[in-house]
Structures are given as structure tokens and as C-alpha cells.
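Good morning, and thank you for coming. I would like to take you through the overall dimensions of a protein and then through its aromatic contacts.

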Amino acid sequence: MLRSFLRSKIKNRLSGYSILINQPDPTKPKSVPSAKKVAVVGGGLAGIAAASLLAERGFKVTLFERNHYLGGKVGCWDVPFEDGNMTKMDHGFHAFFRHYYNLRSFMEKIGATKHLKTIDDYLVLAKDGRHFSFKNVETTPVLNILSLGGNKFFKFRDLLFNPPSWRMGEFLEYDEAKTFAKYDSSSFAEFAREASLPDSLQLIFNTFARAFFAPADELSAAELMKSFHFFYLSHNHGLLYDYFDTDYQEALIQPAIRHLIQHNVSIKLDRDVEERRHDNDMFTVGSEPFDYLILAADVVGTKSICANSPWIRTSSEKTYSELMSLKASGGYAVYRIWLDKRTAAELPVFIITEKHEVLDSVTFYHQFDRSAAEWAQGSGGGVYELHCYALPSDALSEEAVKAAFLAELHFYFPELQDAKIIYNHLQLRHDFSAFYTNLNKSRPGFTTAIPNLYLAGDWVKTGIPAMLMEGAYTSGIMCANSILTKHGLQEEPVRSVPLRGIFA
């Protein structure tokens, strides 16, 4: 009875866990009477969001993508092996959380949600053999923290009689302006030391921190508080998430392309746009003039565009400075291996591991992907994807990364030590946004001081705590809404978890 009462009060305090950021005026028209031309540079979730919404509303949109596939970090491409076999490869980002309100609305619209399945558990494996499971952890904010203690994540006395740890209450007081002013210059490692966190909580927070592509001694404490608010303390979905039961091309990209083409978006792949000019209030991309330009590339691509577009600096020193101050993370790696042996059928599709050097998580690919399952069934083996979200600062060769991955896999699953590798594919990437200390102040918003130039991506400030996929997609919607507003059109609704913590 008390628990039900508390759940109700907490839900009410957090606005039902979902708020409407804008108030679209239903009396305004939805479509532009005469088509304006929009160039969207970057075909990831941010670019797809902006392009699809503006095209739906009658704008003439051209979507430029430098890769031969659409989707950015949710893209999918073919990788051939020497024996002629082929596999679909992606960036290894599989988690679609249920509070991704705006992205999931689009996925429902294009029919992508039919491919979603729910993970059994969010499971963390520690070096000492302990397992930390979120399966039975309460999902209501505040109660979910107490439930961690009840599920042996920590001992209550270690917090109650440890005054420095009371600083963890700051996570429940998240407020963008205050939190970043106070903690953006501190790393999470510094905060954790000052808070004297119990070892088990330190482990959980460190695994969570690395999911944002930064080691704890570089990740902004404010960014971690923001992410913890967004992923755990502002809604009642918990950490369990959904994932696709097939490759990204079939589940998401093909439906997105169909939707874009249906609304007359011109998609130009393999277009690493070299020429971008700004003349007479028009943007020239390639050789074509546009009324609006939305830069929706990743941080590496965006900085390159900025450096090679002198008109940005001439038009606005502030915009130029903000774009050039962007940083990419130190690098991440995804290593997929096809082994002649299968294990861990009792474990969830994805597990988190306490890192030795590189291994942050393991995906049992054959447990959910149809083509991997067919290969495993026919061969008697298994397909495993090994992830490192934050590569060590010391440069490692590809062979050294592979060896480190395998050593740590064998530590957690010694039964695989004698397994033979049939196929393997390693990605070493350095194109993810950095959320390091002291970067927030110079991080640009989705509007700029240059008329009709907009920015979209997970690296853009939107005024809401959305991160990763949801942050990217929402930024694209906000760019599009700004353009719709200029033309007196009805905005697209934008939803968010509550902007502030329950005790803010």
C-alpha cells in the first residue's frame, strides 16, 4: 500500500515521466505553400529526423551522406570474407530505451518497432565473479535507488554512515544550469573519490560512465549526472531496453528510406561534399543553391566542414569557435567473431563486464540476429560481438586490441579458450562525441548566429537532457521546428523526460 502511494506521488512529482516541450498550435497550417529548398548534410538519425519532417511539410529536401549507406551510427553495410561469405555490419549500438519518446514515435510511424524485442536483463559481470542484475530492481525513481540496496548492489550502512557519499544526492537534484556550473569542470572519477563510493557502486557507475565513450577520469561529472537523470531517475522504464531482431538495414534503414522517398527527399550517398558557400543569403552545396542548411554530421565531419568553409568564420566568429571546439572521444572498438563453439545460452543477449583493459560488454549475436542464428545453427558455433567504448589512451595496434578482447572474453568465459575463430571483423573508430570536462560551455545549440544555418547531432545542446540516439534524433526535430516556425507552420510535438531531478 505504501509502495503504491509512493509510486503515485513520485510519478506526479515527475509530471508523469513525460512532458511536452513545445505547444504546437493546431490552428496553424502544416505545409509550406511554396517549396523552399533545404540541404541536410549528414544522414544519421539527426539528419533523417530533420529531412523527414521538413519533407512531410512540403519542403524540397536534399540529404547528403558521405558514406555509401544511410544511418550514421545506426547504419549497416556489407562486409565480405575471403571465402565469399558476406555479413551485415553495424556500429554495435543496439539499445533502444523506452523513454526515447521522439525517436520511437518515428520508428512507429515507419513500421520499425515491429522488429523490437525486449532484453531479459541488464546484467553486469564483475571480475570477482559477482553478478549485478537489474531484472528485479524497482523502476520507479528514488525507489529504484533503494531497490539497488535490496538487491545487494550496496549495503545501506556503507552510505548511511559515510557522510561523503551523501553527495550522491546531487544526482536527484539535476538542473542543467546549476549542475553544469558546479560539476562540468570535475571528472566523474574526482567526484566518485570525493563521495567515497562503495566499491560495488563504483563498479556500476564506471560501467555506466563508459557507455558515454569516456573513461571516468575524463568524463564530465555533470554529463554523467545528466545521463543518469535521463536514463534512470526521470522515468519508470528502468534500464531494460529493446533491440532489433534483425540487422539495422532491414529493421530501420530500409523503412526510413522508403519514408524519405515517399516524401520526395533526394538522397545523395557517397557525397563527401567539398563545396559549401554562402552567397546572397543562399547556401551552395556542391553546385546547388539552398534556402536552408542543416549540418548533421558527426563531430569529426562537422569540424572538417567548418574548417573548409571560410564563410562560417566570416559570418560568425562565435559559431566558428563553437564548432571548432568540438571534440571526438578517444576511440572505441567493436570486434565481432564467429567461433566454432557456443556458450552462455542462459545469459541475456547483451551483458556488461567489468573492464580489465578493453572489454566493456559482450553481445551474443546468434541469440537475436536471424542471419547469425542461421550460421550458428548450421555450424554449431556462435557469433559474439565484443565492445570497448573507451579505448586505452596508449595507442594499440589492431592485433593488440584483438588479443586484449580475446583474453578478457576468455577470463569471463574460459570454456571458449579452445574455440576456433572462423571469421572476425574489427572496427576501430574515433568519431563519437566527447563528453569530457569543460566542454559544455562551448557546445553549440541547434540554432546559430548565421541566419538559416542549423546544427543537429548528439553533440548539440537542445535544452533537454536527451542523449545518444534520442539526443541526435531530437536535435533534428528541433532544427526542423525552427524552420517551420519561420514559415508560420505548426511545429512537430517534442517530448522529453522531466527537465529537472525530483529534488531539484
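The secondary structure of this protein comes to 16 helices and 21 strands, where helices (H or I, at least four residues) and strands (E, at least two) are DSSP runs numbered from the N terminus. The radius of gyration is 23 Å, close to the 23 Å that the globule rule gives for 504 residues, so the protein is as compact as a globular protein of that length. That radius is taken over C-alpha atoms, and the globule rule is 2.2 Å times the number of residues to the power 0.38.

A word on the basis. This is a predicted model, in which local features need pLDDT of at least 70 and side-chain atom pairs count only at pLDDT 80 or more, while totals for chains, interfaces and linings use all residues. Residues are numbered from 1 along each chain as its sequence is written, and side-chain values use heavy atoms, with hydrogens and water left out.

Along the principal axes, the C-alpha atoms fill a box of roughly 65 × 60 × 45 Å. Of the 504 residues, 59% are buried; buried means under 20% relative accessible area, exposed over 50%, and partly exposed in between, with a 1.4 Å probe and protein chains only.

I turn to the aromatic rings. Rings of Phe, Tyr and Trp (its six-membered ring) pair if their centres lie within 6.5 Å; planes under 30 degrees apart count as stacked, over 60 as edge-to-face and the rest as tilted. By this rule there are 46 aromatic pairs. One of them is the edge-to-face pair of Y243 and F350, at 5.4 Å centre to centre and 80° between the planes. This pair links distant parts of the chain, with Y243 in strand β9 and F350 in strand β16, 107 residues apart. Both Y243 and F350 are buried.

What is the geometry of the pair F364 and F413? Their ring centres are 5.8 Å apart and their planes stand at 90°, so this pair is edge-to-face. F364 lies in strand β17 and F413 in the loop between α15 and β19, so the pair ties together parts 49 residues apart in sequence. F364 and F413 are both buried.

One aromatic cluster includes Y122, F132, F153 and Y232.

Finally, charges over rings, which require NZ of Lys or CZ of Arg within 6 Å of the ring centre and within 35 degrees of the ring normal. K37 lies over the face of F290, 5.2 Å from the ring centre. The charged end of R336 sits over the ring of Y365, at 3.9 Å from its centre.
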